[in-house]
Each structure stands twice: as C-alpha cells, then as structure tokens.
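Me: I am new to this structure and would like to go through it step by step. Could we begin with the charged side chains?

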Amino acid sequence: MSDAVQPTAAEVRAAAEAVKTALDRHLAAVERRTGDDDPAVYEAFNELAAAAEEYDELLYDRYDEVTPFEIPGSDDTLPPYTGPEEPNALSVVIRRDYAVVEPQRLLAQAQRVEAVEEDGATATDAFDAASGTLHGALGVLFGEFEPDEIASRHKEFGLEEGDSTLWVTAADEPAEPGEWLEAPFEAIDPQRVVCRFDVSAVFDDDADDEDLDDDLVPDTELEPLDPLDADR
C-alpha cells in the first residue's frame, strides 16, 4: 500500500478504542441477555466483529501487523437483502442439531411416555413398540414434546446440543395452505433473509475441554418428566 493512502496513527488508535467500546457493549448485552437468541447480544456481537475487523485492517495497513484473534461471523454467508421493505408475511426457519450421547436415557424416557399413554388407554401396539429403537424413541419424544421444550430439556432426553440457526425471511404475501409442505426448505431465498441467529461452539473461545468431557458423563438417575396429558 502506498504512503498516500495509509491510515494515520490516530486512525489506528481510534479503531482500537472502538474495539474496547464494542467489547464493553457486548459484555453488557451478555450480562443482560434474556435467552439463547437474545437479539441485543446478536447485535452487539456483530458490532464487535465489525470493530475488530476494522482495527485489524488499519493495524495491518499502518504497521504490517495483525491481531491474534478472529471473530467468526455469518454476514458474509448471505447475499444482500432484496426482499420487500414492508413485508406482509414472514417465515421462520429453524435448524437445531443434537448428538445422542446417552442412548439408554433416550430409550427410557420414550418408554415412560408410552407408559403414561398406556395408563390413559390411548396407546396402540405399534406405538408401544416404537420406543424399542432409537429412531422410534426419537419419534415418540418429538411427537410428545414441542421442539422448544426439547431444546430446554435436551439433557433429560440423553441429547447434547450442537449448532443451531434461526432464519427470518420476508415475503410479499402469506403462502397458500399446503403450498410448500412437500419441500419445505427448498424455496428459501437467501436474499429475503431479514436476519439470522446462530449458536455454535466455534463462538466459545473460552471452552474448557475438561468441562466438556464432564458434561458427557451419563447420569445414573433419570430426571423427572412433567406429567403428561393423556388427551394430547
């Protein structure tokens, strides 16, 4: 880079101060967070990422040095938004990944659900046999509990959370009933994504390997499930 377009030392210093401010704002947002997908935390994260990237570029241009950290982001994975400025409808698309770390717990919890169904005289022979396999047990549990409840109680079901993402897409008009049921994820237009919220272990710079290993140790005692409504 030529000397004529190099940033000044003052500009580099100002960028460094902006990173410090963004760090404080991000920490404050995390301390006040209201849930895993708190938009204030997401916004503060993006501001911190932008400030760090700006500082890194100016530091390199001025001093030929780089920072020792890199903040992952998802903004570059989406094209510019070209959807309606005033959407009349929206779609929320969610993906959550889990690892089955305690198969016996998963099977036991599915069997408990079936036992309650039997007591309510609503079970069938086919339903009773479902929890004998892992894929059948998953069908029982996800058929009984809402996805958000599975997410909040995943350890009870022998699951470990992986990456998750939530996309909010804008539309001009609501879809017709049944319009996208045959292929629900194929019609997503990345250019109509208003915002997205990602959760991943790649964001956890301070993850402790020993603590992660401890989380994988199976519990011998099952945590109690809430009473089930046999009419559901």
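**Salt bridges, cores and one threonine**

Reply: Glu 149, Arg 153 and Glu 156 are linked in a network of salt bridges. Please note that this is a predicted model.

Me: How far apart are the closest N and O atoms of Glu 149 and Arg 153?
Reply: In the salt bridge between Glu 149 and Arg 153, the closest N and O atoms are 2.4 Å apart.

Me: And is Arg 153 buried or exposed?
Reply: Arg 153 is buried, because its relative accessible area is 11%, and buried means under 20%.

Me: What about Glu 149, buried or partly exposed?
Reply: Glu 149 has a relative accessibility of 24%, so it counts as partly exposed.

Me: How many salt bridges are there?
Reply: The count comes to eight salt bridges. One of them joins the side chains of Arg 105 and Glu 102, at 3.3 Å from N to O.

Me: Are Arg 105 and Glu 102 buried or exposed?
Reply: Both Arg 105 and Glu 102 are buried.

Me: Which residue forms a salt bridge with Asp 198?
Reply: That residue is Arg 196, and the closest N and O atoms of the pair are 3.0 Å apart. Arg 196 counts as buried because its relative accessibility is 12%.

Me: Changing topic: which residues make up the largest nonpolar core?
Reply: The largest nonpolar core has 11 residues in all, including Leu 106, Val 113, Leu 141, Phe 145 and Phe 157. Helix H3 (103-119) and helix H5 (134-144) each supply at least two residues of this core. The largest share, four residues, comes from H3.

Me: How many residues are in the other core?
Reply: The other core, which lies apart from the largest one, has 10 residues, among them Val 12, Ala 22, Ala 51 and Tyr 55.

Me: Why would nonpolar side chains be found together?
Reply: In soluble globular proteins, nonpolar side chains tend to be buried together.

Me: One last topic: where is Thr 67 found?
Reply: Thr 67 is in the loop between helix H2 (39-63) and strand E1 (89-100).

Me: Is Thr 67 buried or exposed?
Reply: Thr 67 counts as buried, because its relative accessibility is 13%.

Me: What does Thr 67 touch?
Reply: Leaving aside residues up to four places away in sequence, Thr 67 touches Tyr 55, Asp 56 and Leu 59. With Asp 56, Thr 67 also makes a polar contact between side chains, at 2.6 Å.

Key. Residues numbered from 1 in each chain as written. Predicted model: local features only at pLDDT ≥ 70, side-chain atom pairs only at ≥ 80, totals over all residues. Heavy atoms only, no water. Buried < 20%, exposed > 50% of the residue type's maximum accessible area, 1.4 Å probe, protein only. Polar contact = N/O pair within 3.5 Å; in protein donor to acceptor, adjacent residues only side chain to side chain. Contact = heavy atoms within 4.5 Å. Salt bridge = Lys/Arg side-chain N within 4 Å of Asp/Glu carboxyl O. Core = buried A, V, L, I, M, F, W, Y, C linked by side-chain atoms within 4.5 Å.
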